[in-house]
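Open your viewer and get ready to select a few side chains. We will go from stop to stop, looking at what surrounds each one.

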Amino acid sequence: VAPGSRCLLLLLLLLLSILGAPALGDPGPLEDVVIDRYYIPKICLREAQMGDFIRYHYNGTFKDGKKFDSSYDRGATVAGVVGVGRLITGMDRGLQGMCVNERRHLIVPPHLGYGSIGVAGLIPPDATLYFDVVMLDIWNKNDKLQITTLSKPERCNRTVENSDFVRYHYNGTLLDGTPFDSSYSKGSTYDTYVGTGWLIKGMDQGLLGMCAGEKRSIIIPPFLAYGEKGYGTSIPPQASLVFSVLLVDFHNPKDGVFLEHLEVPESCKRRAVTGDFVRYHYNGTLMDGTLFDSSYSRNQTYNTYIGKGYIIPGMDQGLQGVCVGEQRRVVIPPHLAYGENGAGTYKIPGSAVLIFDVHVIDFHNPADPVEIETVFRPEGCNVTTRNRDFVRYHYNCSLLDGTRLFSSHDYEKPQEVTLGANKVIEGLNSGLLDMCAGERRVLIIPPHLGHGESGARGVPGSAVLRFEVELISMEEGVPEGYLFIWHGEPPASLYEQMDLNKDGEIPADEFSTFIKTQVAEGKGRLMPSSDPEKVIADMFQNQDRNQDGKITPDELKLKSDEDEEKIHEEL
C-alpha cells in the first residue's frame with residue numbers, strides 16, 4: 001500500500017471510532033436467541049414441543065449479572081404452554097426441545113424480549129436478557145397414562161379389577177425426581193379400594209391389571225392427578241407424578257376362600273367334615289411371600305376341630321373335605337381372616353390376604369370306632385379270640401402319614417398280653433378280638449381309643465394310630481379275677497388232697513406241685529401267662545392269708561366262696 005493510501009485508511013478508522021461504529025470482531029446486535037445447553041441428562045424420554053405444557057425454574061439477569069427476576073425467589077415454579085405466544089418470543093424459542101432436568105443458558109436480544117419499551121421499573125428499553133433455566137415437567141393435554149412393568153411374578157392367577165381392595169407400597173416423585181411421598185417411610189402399605197373414587201384418577205387406572213407382587217412405574221399427567229390446584233406444599237400445580245408401585249396384595253369384599261389342591265392321595269376313603277378333629281402342619285404367608293407363622297418351626301402340628309369356630313372362618317372352610325395326607329393351599333381374604341385390624345401377635349397387617357400351605361397329617365371324629373381291615377384270614381377259622389384270652393402277636397405301629405413309631409419285630413419275640421385286662425390301649429384290644437391264629441389285620445385307632453389328647457412317649461397328642469397286626473397264637477383265658485379254674489367240680493376234700501405229706505399244712509412247694517398236677521391231668525387250667533410259675537406263686541400268696549409261708553385249712557377258700565363272702569381274689 002502506498003504511503004498516502006495508508007494514511008487515508010488510518011484517518012478513516014479514527015473517524016469511525018469517534019462516530020461510535022462497531023469495533024472489528026464485534027458481531028453487532030443478536031438476531032436470535034443464543035442457547036447454551038450446559039447440562040443434558042443422559043436419558044431424555046421427551047423434548048418440549050410447541051403446544052406442550054411445561055413447568056420450569058429460572059433466574060433472569062442482565063449482562064452485568066444484576067438479577068431482575070427469579071422463580072426461586074418466589075418459591076414457585078413457572079407453568080405455561082410453550083410456543084403459542086404466551087411467553088416472550090425469546091423464551092418461547094429457547095425452551096423448545098428441552099428435556100426434563102435439562103439446564104440451559106439463554107441470551108435473549110431486545111427484539112425477542114421486551115423490545116424498545118421494556119418493563120417499567122424492572123427491565124429498561126432495549127435490554128438483552130440472560131436466563132438460566134431448568135426444565136422440571138412436560139406434558140400435553142393429549143397425554144395418556146404411562147405404565148411400565150418393572151417386574152412381574154411368573155405366576156399370576158388374578159389381576160386387580162375395579163372395586164377390589166388393594167394394599168401397595170409406593171414411592172412418589174415429581175417428573176424431575178423430587179420425592180413428595182413414600183409409604184415405605186411410614187412403615188405401612190397404602191390400603192384402599194380401586195375404581196371407587198378414593199384415589200386420583202391416574203392411580204385408579206394405573207393399578208388395574210396388576211398381579212400381587214408386581215412392580216410398576218406409573219407416570220400420571222396433571223389432569224389425572226391434582227391438576228391446577230396441586231396438593232399442599234409438596235405437589236405443585238400442574239405437576240406430573242411418577243409412582244413406583246409394588247402391589248402387596250388385593251382382594252374383593254365378595255371373595256370367598258380360594259383352594260388349590262397341591263397334592264391329593266390317590267386313595268382317599270374319607271374326607272373331613274364339620275365336627276372332625278384335624279391335625280395338620282402349615283406355613284402361613286402374606287401374598288408377597290412374607291412368612292408370619294409356621295407349625296413346622298414349632299415341630300408340632302396344629303390340632304383343632306373344624307367347622308366349630310375354633311379357628312378363623314376361612315380356615316374352617318378351607319379344611320372342609322381334606323383327605324389324610326393331602327397338601328392344600330388355602331387363600332383367605334381378610335374378611336374371613338383377621339379383618340381390618342390384623343393380628344399383631346403374628347405380625348399380620350390389617351386387611352391382609354393370608355395364604356396357608358397345609359399338610360393334613362390325620363383327622364378323626366370323637367364318635368369314630370376302631371376301623372378294622374382284614375388283610376388275611378386263614379380258612380377253617382373256628383376258634384377266635386375273646387377277652388381274657390392270652391395272645392401273642394406281632395405289630396407295626398405308625399401315624400397315618402407313615403411315620404413309624406413302634407414294632408414288635410424290633411424285639412426277640414412277639415408281644416404277649418391278656419385281652420381285656422387293660423394292658424393295652426382300648427382300640428388295640430378291640431382290634432385283637434375275634435381273630436384267628438395266623439390272621440392279619442390293619443387297625444385305624446382314633447385317639448380317644450388310643451393315647452388321647454396327651455399322647456404318650458413317642459406318640460403325639462390326639463394322634464390317629466395305624467397298627468398292622470398278625471396273631472401268632474392264642475390260649476383260652478380264665479374269667480376276670482381268676483388265676484385258675486377247674487374244668488369240672490373241684491375235689492370234695494380239696495385241702496386233704498393238696499396236703500401231700502399229710503402234716504396238716506401246705507407249704508409253697510406242695511401247693512405248686514398239686515396245681516401243676518391238676519393242669520397236667522386236664523382237671524383245670526391256669527390263667528395263660530408267659531410265666532406260669534409266677535401265676536402259681538400269686539395264687540399261693542393269695543391263700544396264705546397271714547403270710548407265714550404255709551396254708552392252713554382255715555385259710556384255703558375257693559374263688560366262688562370268696563365272692564359270696566366279699567373277700568379278695570383267690571382260686
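Leaving aside its neighbours within four places in sequence, which residues is His251 in contact with? Please keep in mind as you look that this is a predicted model.

**Stop 1: a histidine and its surroundings**

Select His251, which you will find in strand β12 (residues 241-251). Now show its contacts beyond four places in sequence: Arg158, Asp164, Phe165, Pro333, Pro334, His335, Ser351 and Val353. His251 has a relative accessible area of 6%. Buried means under 20%, so His251 counts as buried.

**Stop 2: aromatic pairs**

Next, turn to the aromatic rings, which make 24 pairs in this model. For one of them, select Tyr282 and Phe356: their rings sit edge-to-face, 5.8 Å centre to centre, with 65 degrees between the planes.

Now move on to Phe484 and Trp486. This aromatic pair is edge-to-face, with 5.1 Å centre to centre and 85 degrees between the planes. Both Phe484 and Trp486 are buried.

**Stop 3: an aromatic cluster**

For the last stop, select Tyr56, Tyr58, Phe62, Phe68 and Phe131 together and show their rings: these residues form one aromatic cluster.

Terms used: Residues numbered from 1 in each chain as written. Predicted model: local features only at pLDDT ≥ 70, side-chain atom pairs only at ≥ 80, totals over all residues. Heavy atoms only, no water. Phe/Tyr/Trp six-rings, centres within 6.5 Å; stacked < 30°, edge-to-face > 60°. Buried < 20%, exposed > 50% of the residue type's maximum accessible area, 1.4 Å probe, protein only. Helix = DSSP H or I, 4+ residues; strand = E, 2+ residues; numbered from the N terminus. Contact = heavy atoms within 4.5 Å.
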